[in-house]
Amino acid sequence: RLFVVTGPSGAGKGTQARRLVERRRDLAVAVSATTRPRRPGEEDGRDYHFLSEAEFQHRVDTGDFLEHVDYVSGHRYGTLRAEVERIFGSGRSCVLELETQGAKEVQATASDAVTVFVRPPSFAELERRLRERATESAGEIGERLALARHQAGEAGDFDHVVTNDDVERAVGEIEAIVDRALSRRSAAGKLRAT
Ligand code: 5GP
């Protein structure tokens, strides 16, 4: 089963996705590919597969991506099919953490994907988080904020909306969504088997 955690940059969806898979052994987060520079503390292959523009384009041309987008500052991000297949192959459900355009692409191609939009408690809080992280230039933070304002209006396009007011509470809410989706799936399987 495929779960997509989406929402604006700075809403806390990365933390949500990580905390979710820490709680559950039946889920794993797919490691995306990106052309953006590595932040301090990030590891290649763990946080992202950091690719050059030429490598990324080559993988686009060979059809390696389930979805990919051009994001702010010309940086590119994409979900590698091989990552998702590796997780499914290990018998686990897959969690994708995506900005909204990629999330919509996945919705269109994998109609049984369950999508969760994570929103910050307020726009002021989102701005504070992005500035506090201070990993991007002022110009790029401005671009991310402008995009976040646009993305806030897209919440209604997804199956569920979770407000990240408190990390543990919000993760609990996402976990309950996962549980319901997985138990629906297993009930349907049992029905088919009888
Ligand atoms: P960041 O640079 O802060 O790590 O990520 C920027 C945005 O790209 C975040 O909203 C993140 O969720 C999104 N993102 C990360 N990986 C992917 C991906 O593979 N595909 C898409 N569409 N978005 C991604």
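## Close-ups of a predicted model

**View 1. The face of helix 6 turned away from its buried side carries exposed residues: Ala138, Arg149 and His150.** Exposed means over 50% relative accessible area, buried means under 20%, and partly exposed is in between (1.4 Å probe, protein chains only). Helices (H or I, at least four residues) and strands (E, at least two) are DSSP runs, numbered from the N terminus. This model is predicted: local features need pLDDT of at least 70, side-chain atom pairs count only at pLDDT 80 or more, and totals for chains, interfaces and linings use all residues. Residues are numbered from 1 along each chain as its sequence is written, and side-chain values use heavy atoms, with hydrogens and water left out.

**View 2. Helix 6 has a buried side.** Glu140, Ile141, Arg144, Leu145, Ala148 and Gln151 of helix 6 are buried. They cover an arc of only 140° around the axis, so they sit on the same side of helix 6. The arc is taken from the directions from the helix axis to the C-beta atoms. The cover over these buried residues includes strand 6 (76-80), helix 4 (100-109), strand 8 (114-119) and helix 5 (123-133). Contact here means heavy atoms within 4.5 Å.

**View 3. Helix 4 also has a buried face.** Its buried residues are Thr100, Gly102, Ala103 and Val106. Seen down the axis, they fall within an arc of 160°, so they line one face of helix 4. They pack against strand 1 (2-6), strand 5 (65-70), strand 7 (93-98), strand 8 and helix 6. On the other side of helix 4, Ala108 and Thr109 are exposed.

**View 4. Thr100 of helix 4 makes polar contacts with Gln151 and Glu154.** Thr100 is buried, with a relative accessible area of 2%. A polar contact is a pair of N or O atoms within 3.5 Å; within protein, one must be able to donate a hydrogen and the other to accept it, and residues adjacent in sequence count only if both atoms are side-chain atoms. The side chains of Thr100 and Gln151 make one at 3.4 Å. The side chains of Thr100 and Glu154 are joined by one of 2.6 Å.

**View 5. Side chains reach oxygen atoms of the ligand: Arg36, Tyr48 and Arg144.** A polar side-chain atom of Arg36 lies 2.7 Å from a ligand oxygen. For Tyr48 the distance is 2.5 Å. For Arg144 it is 2.8 Å. The protein covers 96% of the 510 Å² of accessible area that the ligand has on its own. Such areas come from the Shrake-Rupley method with a 1.4 Å probe; for residues, only the protein chains shown count as cover.
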